[in-house]
Amino acid sequence: MNVHGTVRAPGDKSITHRALMLAALSRGTSVVRHPLTSADARSTAACLRELGVGVGPLRAGAAVSVQGGTWRPATRTLHCGNAGTTARLMLGLLAAHPFETRLTGDASLRRRPMRRVTEPLGHMGASIREEAGDGLPLRIRGGRLGPLDWSLPVATAQVKSALLLAGLAGGVAVTVREPARSRDHTERMFRAMGVPLTRRGTTAALAAAPGWFDDAAPLDWTVVGDVSSAAFLVAAGLMAERGEVRIAGVGLNPTRTGFLTVLSRMGARIEREAQSEVHGEPVGDLVVAPSALVGTVVTASEIPSLIDEIPILAVLASRAQGETVFHEVGELRVKESDRLGLLAENLRQTGVGAEVAGNSLTVEGTERPPRGHVETAGDHRLAMAFAVLGRLSGARVALSEQRSVAVSYPAFFEDLDRITGP
Ligand code: S3P
């Protein structure tokens, strides 16, 4: 495989969800530029439309306008599709709205834990009715909220953000403490908007700001490129035999770039160029050259900053010299699939030594061409990681499906073909 050319990373998924939601709370017409237009982003847009928010069509290459401010009770169940971020952040927002809403999702999302967010929202004053234990479908009735001071047992930006959004929408103080820092887009967006939020270590504290949106201007937000989507193209560049590839406009928030730190330890040749900042988010181009990698140890404290990159890092580790260990990756069991079990199983299916012991994953590097059948279980990041592995010379990797890439990166195969094509 050779690589060449330049691609622009699609809009960041985390920031797109948040920008649509904050625009939906803002009065008047907001604009979100370079949004992600994937299935997950459409789930957020569809939920907001059900609640009476005027969200324009999400079209690749176009800005989206959002007519926000007043929400009305939904007449139907909100369907969050495959998107955990949609479900959890919407729960935070709905906690501050005085009506009942029922939420559900696809089979994968219905299996994912929701009590991590509904429990603290219950402490704030929302009432929750579960239909199937710890997961969707469930009903939430919001209303007047009280302040919250909450310590999260695991670092999770989805729960942290849900609580901060509940506090902002409900006009009450919320302090969230995390064991390690998860992605901090919500905090950066609040700060860029002028919302009173302070941070100390891994604690974020929102001050009570009742009626904050009453005199706030509508949003005009530009979404930076998604570093998690760019990671698959970075991997193609590293595993190539010849060439160089540039991925332009990538968000380089340090709470998201743990995989770049790990890769540089492994010997990767990746340069950051054209760096600037957009609404408090660092952004730049990644220029990637083929590299001989060596195995490494990824520590527990690094995991939150690369949580979505573990599938592609594990694939890269399978091509590195020696062994790579990922410590404390138990959270992968409750992602879009049991990513931990499936990652190890699929690596073994393609001829790579991989073991899960407790909450750790070990991958043995090999030079043998990967060959075998991969079960993605409809998980977009497994599909993309193994699709990249399947581009190696001599590889024969068959994916159980590849439609799931539409969840986060609809143009993935086009972009991969473009940088690896003739
Ligand atoms: C996200 C946070 C992460 C990540 C997910 C998006 C977000 O989940 O895996 O893809 O936008 O807040 P957790 O924070 O639950 O680990």
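## A buried serine

Ser-26 counts as buried, because its relative accessibility is 1%. Buried means under 20% relative accessible area, exposed means over 50%, and partly exposed lies in between (1.4 Å probe, protein chains only). This is a predicted model, in which local features need pLDDT of at least 70, side-chain atom pairs count only at pLDDT 80 or more, and totals for chains, interfaces and linings use all residues. Residues are numbered from 1 along each chain as its sequence is written, and side-chain values use heavy atoms, with hydrogens and water left out.

Where is Ser-26 found? Ser-26 is in the loop between helix 1 and strand 3 (28-33). Helices (H or I, at least four residues) and strands (E, at least two) are DSSP runs, numbered from the N terminus. A polar atom of the Ser-26 side chain lies 2.8 Å from the backbone oxygen of Leu-22. This is a polar contact: a pair of N or O atoms within 3.5 Å; within protein, one must be able to donate a hydrogen and the other to accept it, and residues adjacent in sequence count only if both atoms are side-chain atoms.

## Around the ligand

Which residues are around the ligand? The list is Lys-13, Ser-14, Arg-18, Thr-85, Thr-156, Ala-157, Gln-158, Arg-183, Ile-307, Asp-308 and Lys-335. To count, a residue needs a heavy atom within 4 Å of the molecule. Two helices each supply at least two residues of this shell: helix 1 (13-25) and helix 6 (157-170). Helix 1 gives the most, with 3 residues.

For the side chain of Thr-156, the distance from a ligand oxygen to an N or O atom is 3.1 Å. Ala-157 takes part through its backbone: a polar atom there is 2.6 Å from an oxygen atom of the ligand. Taken alone, the ligand exposes 380 Å², and the protein buries 95% of that. Such areas come from the Shrake-Rupley method with a 1.4 Å probe; for residues, only the protein chains shown count as cover.

The ligand takes up the space of the largest pocket. A pocket is an open set of points on a 1 Å grid over the protein atoms alone, where a 1.4 Å probe fits and protein lies on both sides within 12 Å along at least five of seven lines; lining residues have an atom within 4 Å of a point. A molecule sits in a pocket if more than half of its atoms lie within 2 Å of its grid points.

## Salt bridges

Side chains of opposite charge can pair when their charged atoms come close. How many salt bridges does the structure hold? The structure holds 29 salt bridges. Each is a side-chain nitrogen of Lys or Arg within 4 Å of a carboxyl oxygen of Asp or Glu. One of them joins Arg-102 to Glu-131, with the closest N and O atoms 2.7 Å apart. Arg-102 sits in strand 7 (residues 100-104), and Glu-131 sits in the loop between strand 8 (127-130) and strand 9 (138-141). This pair links distant parts of the chain, 29 residues apart. Arg-102 counts as partly exposed because its relative accessibility is 24%. Glu-131 is partly exposed too, at 39%.

Arg-183 and Asp-308 also form a salt bridge, 3.0 Å from N to O. Arg-183 lies in the loop between strand 11 (174-177) and helix 7 (185-193), and Asp-308 in the loop between strand 19 (297-298) and helix 10 (310-317), so the pair ties together parts 125 residues apart in sequence. Are these two residues buried or exposed? Both Arg-183 and Asp-308 are buried. Both are also among the residues around the ligand.

A further salt bridge joins Arg-199 and Asp-184, at 2.7 Å from N to O. Arg-199 is in strand 12 (residues 197-200), while Asp-184 is in the loop between strand 11 and helix 7, 15 residues apart. Arg-199 is partly exposed at 28% relative accessibility, whereas Asp-184 is buried at 1%. Shared partners also join salt bridges into one network of Arg-112, Arg-183, Asp-308, Glu-336, Arg-339, Asp-379 and Arg-381.

## Backbone details

The peptide bond from Leu-136 to Pro-137 is cis, with omega near 0 degrees. Pro-137 is in the loop between strand 8 and strand 9.

Ala-274 is not a glycine, yet it has a positive phi of about 50 degrees. Ala-274 lies in strand 17 (residues 269-278) and counts as exposed, because its relative accessibility is 58%. His-279 has a positive phi as well, near 45 degrees. His-279 is in the loop between strand 17 and strand 18 (281-289), and it is partly exposed, with a relative accessible area of 28%.
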